[in-house]
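Thanks for asking me to look this over. Here are my notes, point by point, to read alongside the model.

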Amino acid sequence: MPTPGFLPLARKTFTVLGGLYAGAIILLTVPYIQTHTIFAHAARMPWFAQYDMPEKYGLAPNKTINLKIQTADNETLGAWFVLADRFYHALPEIPSQPVDHIPVALQTHPTILFFHGNAGTRAFHARIQHYTAFTSRLSANVLAIDYRGFGDSTGTPTEAGVARDARAAWNWLIANGAAADQILIVGHSLGTGVSALLSAELSDEDISPKGVVLLSPFTSIFKVIETYSILKVFPLIKPLTMIPFAMDAVKRLLIHRFNTDTLVPRMKGPILIAHAENDWDIPYTHSEALFDTFMDPVLPAAPSLPTNAAALSQEEWSAFGEQLTKRKTARNELVTSVELRNFGTVHEFVDVGHKRTVVFVQTLAGGHDYLGVQEGVQDVIGRTFGLFAQ
């Protein structure tokens, strides 16, 4: 039986914890706090990075060029251009002026335009592993930028701002000799939202890149908040569902939305989505939902239940069930799924109307930060976009 002082202590503890939780949620509605929480750009790992010394972070001598790229609104972005291994190794000697080789490298090898996630910089060790994998295994050049406010880039990040940063990086590649159909856009985590914005913008202008890769993507920032659990145990925002209209208020107060799911109808060309089942930061259900959103235009219309479903007649219920079955059958006929033992499953379908093949790689492992360095994921990327044939 609890001691006489236990219940008052418990009530006091829960009251304090509840107050702290409510305070934290309220703080997240403040634009400044919200921006720093979503982008986490103040966490500039590695601290005091020497961007003009990429060799310090494991890259080969004079294989990487430290760049400055100007945006349309006069921000300056720090960036690295990493030469493809095949090109770098074909040079007669280690180049003393590697910047001079950029135009030829762009014209002779495909290039990956890489958009990283929140926090950290282009010199963060997990990102370095992506560059080395892409330049070696996929024989591609890599252009990696730090968005405004990140690393040594100027400015403060916003959704519209990082979209301009992405376009500036794209324009820099084109201006230096890259062909649009030889640029593969690859985004990780927050970078998938940036990649989707760039893809939609380019599609609107009838510009066709080689394709788009979304590593550990999300459907929207609101859905990330809604599904995020601290240590995969404590739901971040679940308690708010018990308060009427609280979730709607949170959604309205978001200033950076990154609604990737609403961009899907505008995105053309080949798309590859990859997600690990053991991702603790963004559940792989986000990728399942995105894949379904890409499929939606090629499936029979989804039936919808009326507000008062109990009032449906037997005939109406029968029609509802038939439409569900029809949609499920069409999906099974459209999607090709291949299970790879100890790795995961690869799903694929073709959407002729949007001129795109959509691939979903659902891996068993890889977590959040290291999904893209798995050889199996790289192999699917290489085959899907014809990089191994280069």
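1. Helix α11 (residues 285-295) has cover from several elements, and what lies over its buried residues includes α8 (221-227), α10 (260-263), β9 (271-276), α12 (314-334), β11 (344-351) and β12 (356-363). The buried residues of α11 are His 286, Ser 287, Leu 290, Phe 291, Phe 294 and Met 295. Buried here means under 20% relative accessible area, with exposed over 50% and partly exposed in between (1.4 Å probe, protein chains only). Contact means heavy atoms within 4.5 Å. Helices (H or I, at least four residues) and strands (E, at least two) are DSSP runs, numbered from the N terminus.

2. A word on the basis of all this: the model is predicted, with local features needing pLDDT of at least 70 and side-chain atom pairs counting only at pLDDT 80 or more, while totals for chains, interfaces and linings use all residues. Residues are numbered from 1 along each chain as its sequence is written, and side-chain values use heavy atoms, leaving out hydrogens and water.

3. Strand β9 is mostly covered, with 6 of its 6 residues buried. Ile 271, Ile 273 and His 275 point to one side, and Leu 272, Ala 274 and Ala 276 to the other.

4. Which strands pair with β9? Strand β6 (residues 211-215) runs parallel to β9 and is joined to it by 4 bridges, and β12 pairs with β9 in the parallel sense over 6 bridges. Strands count as paired if DSSP finds at least two bridges between them. Ala 274 of β9 stands opposite Leu 215 and also opposite Val 361 in β12.

5. Ala 276, also in β9, counts as buried because its relative accessibility is 0%. Leaving aside residues up to four places away in sequence, Ala 276 touches Tyr 284, Thr 363, Ala 365, Gly 366, Gly 367 and Leu 371. Its C-alpha atom is separated by 9.5 Å from that of Ser 287, 11 residues apart along the chain.

6. Now the whole sheet: it is open, has 10 strands with mixed pairing, and runs in the order β1-β2-β4-β3-β5-β6-β9-β12-β11-β10. β1 (64-70) and β10 (336-340) are the edges, each with a single partner strand, so one side of each has no neighbour in the sheet. The pairing of β10 with β11 is antiparallel, over 5 bridges, and places Val 338 opposite Val 346 in β11.

7. His 368 sits in the loop between β12 and α13 (375-384). Is it buried or exposed? His 368 is buried, with a relative accessible area of 10%. Its side chain makes a polar contact of 2.9 Å with that of Ser 189. Such a contact is a pair of N or O atoms within 3.5 Å; within protein, one must be able to donate a hydrogen and the other to accept it, and residues adjacent in sequence count only if both atoms are side-chain atoms. Not counting residues up to four places away in sequence, His 368 touches His 188, Ser 189, Ser 216, Asp 279, Asp 281 and Ile 282.
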